[in-house]
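Subject: The structure for you to look at

Hi,

Here is the structure I promised to pass on to you. Have a look at it first, and then read my notes below.

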Amino acid sequence: MSVPVPMTGPTTSPATSPATSSVTGPATSTATSTAAGGAHVSTPPAAAVHAVGVGKVFTTRAGTVTALQDVHLTVAAGEFVSLIGPSGCGKSTLLRLVADLDTPSSGELTVFGKSPRVAREAQDYGIAFQQAGLLPWRTVAANVALPLELHGVGRRERAARAAELLALVGLTDFAAHFPHQLSGGMQQRVAIARALAERPSLLLMDEPFGALDEMTRERMQTELVRLCAESGAAVVFVTHSIPEAVFLSDRVVVMSPRPGRISAVVPVALAATDSRTEDLREDRAFFDAVTAVREALHAGSRGAGPGSARGVDLR
Ligand SMILES: Nc1ncnc2c1ncn2[C@@H]1O[C@H](COP(=O)(O)OP(=O)(O)OP(=O)(O)O)[C@@H](O)[C@H]1O
């Protein structure tokens with residue numbers, strides 16, 4: 001990713017920061033503009049995601065469910081942030097609010113300084129969920145080109161962009177195949193290519209590798225790191241796997257259940273995310289970061305009752 005993070009160093013456990021009123025990403029460069037009179041004024045670039053006191057309450061026949069309470073989170077442009085926490089702690093709900101698939105009950109949420117709706121209309125973000133969600137009657141290339149088609153991009157330009165994206169995810173030879181002719185991992189790569197079609201500045205990913213076998217999953221993680229480095233997109237990534245979160249992220253956001261809130265943020269002080277390779281998984285610093293996230297998860301779940309860490313891969 002384009003955001004600088006501390007380089008690999010000796011093996012101290014990364015510090016976790018408690019969830020306080022402000023959880024902010026690494027500093028990014030500021031844009032300068034010239035004000036009247038010639039003075040240069042620094043304008044900080046808008047964060048990819050900025051949540052201030054966000055809450056979400058669902059009302060059902062059985063009563064109300066507070067899925068999120070007082071969530072403060074800032075994801076910098078180009079930053080990779082994972083959300084991890086027990087089942088039902090509100091990870092998907094938070095992602096859905098960012099994606100304008102639902103609206104907050106309280107607080108303020110902006111995406112690149114705009115409301116989620118305006119950001120969606122501006123095609124600021126792409127989405128990839130656990131189910132690849134490909135249209136079975138369309139070829140791989142036609143699936144990748146779908147968002148472009150929906151937004152009126154011409155046939156020739158669509159074809160060129162689809163070819164470029166399929167090359168990026170290593171599926172050039174499968175352009176004319178149909179989804180059922182591909183493996184699960186290949187389908188997921190098509191879904192990621194589709195999410196990148198409109199060059200979004202933000203990718204929202206909800207357990208995109210959850211259904212894959214371990215080896216395919218690790219390969220996909222390495223590919224995702226590369227793709228994100230190439231595209232410069234920020235990513236908000238929901239996962240149940242601690243090693244996955246650590247391998248991919250600049251920061252891991254730990255959530256606790258009932259009601260869902262951020263209990264800790266673990267900065268991942270490994271090599272910059274754009275230069276992470278398979279070897280990192282054997283690195284002492286990697287294990288230390290995994291331990292830090294695991295401890296934060298346990299601490300966040302303490303007091304929430306038995307089984308409250310369920311659904312998290314604590315290995
Ligand atoms: N549309 C809805 N109506 C009512 N309750 C909902 C709705 N969507 C989510 N919830 C509730 O909100 C809480 C958070 O759900 P959410 O799916 O965000 O959790 P999660 O952390 O993503 O869980 P998992 O890890 O199991 O996917 C849960 O208690 C869930 O039952």
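In which hand does helix 3 pass helix 5? The crossing is right-handed. A crossing is called right-handed if the near helix is turned clockwise from the far one by less than a right angle, and left-handed if anticlockwise.

Before going on, please note that this is a predicted model, in which local features need pLDDT of at least 70 and side-chain atom pairs count only at pLDDT 80 or more, while totals for chains, interfaces and linings use all residues. Residues are numbered from 1 along each chain as its sequence is written.

**The overall picture**

The protein has 8 helices and 12 strands. Both are DSSP runs numbered from the N terminus: helices are H or I with at least four residues, and strands are E with at least two. Of the 315 residues, 45% count as buried. Buried stands for 20 or more other C-beta atoms within 10 Å of a residue's own, exposed for 12 or fewer, and partly exposed for in between, with C-beta atoms placed from the backbone. Among the contacts with a separation of 6 or more, 73% come from residues 24 or more positions apart. A contact is a pair of residues whose C-beta atoms, placed from the backbone, lie within 7 Å.

**Helices that pack together**

Back to helix 3 (residues 140–150) and helix 5 (residues 184–196): their axes come within 7 Å and cross at roughly 30°. That angle makes helix 3 roughly parallel to helix 5. Axes are lines fitted to C-alpha atoms, for helices over the stretch in contact, and angles run from 0 to 180 degrees between N-to-C directions. Under 35 degrees counts as roughly parallel, over 145 as roughly antiparallel, 65 to 115 as roughly perpendicular, and the rest as oblique. On the helix 3 side, the contact is made by Val-140, Asn-143, Val-144, Leu-146 and Pro-147, and on the helix 5 side by Val-190, Ala-193 and Arg-194. By class, this contact of helix 3 with helix 5 has 6 nonpolar, 1 polar and 1 charged residues. Here Ala, Val, Leu, Ile, Met, Phe, Trp, Tyr, Cys and Pro count as nonpolar, Asp, Glu, Lys and Arg as charged, and the others, Gly among them, as polar.

Helix 3 also packs with helix 4 (residues 155–168), at an angle of about 125° and with the axes 9 Å apart. This makes helix 3 oblique to helix 4, and the crossing is right-handed. Among the residues in this contact are Val-140 and Val-144 of helix 3 and Leu-165 and Leu-166 of helix 4. The contact of helix 3 with helix 4 divides into 8 nonpolar, no polar and 3 charged residues.

Helix 5 has another partner in helix 6 (residues 214–231), with an angle of about 15° and axes 11 Å apart. Helix 5 and helix 6 are therefore roughly parallel to each other, and their crossing is right-handed. Gly-185, Gln-188, Ile-192 and Leu-196 of helix 5 meet Thr-216, Met-220, Leu-227 and Ser-231 of helix 6. By class, the contact of helix 5 with helix 6 has 4 nonpolar, 4 polar and no charged residues.

**Some loops to visit**

Gln-123 lies in the loop between helix 2 (116–121) and strand 8 (125–129). Leaving aside neighbours within four places in sequence, Gln-123 is in contact with His-151, Glu-198 and Pro-200.

Arg-199, in the loop between helix 5 and strand 9 (202–206), has a positive phi of about 50° although it is not a glycine.

Arg-258 is found in the loop between strand 11 and strand 12, and its phi is near 50°, a positive value in a residue other than glycine. The peptide bond from Arg-258 to Pro-259 is cis, with omega near -15°.

Enjoy exploring!

Note on methods. Two residues are in contact if their C-beta atoms, placed from the backbone, lie within 7 Å.
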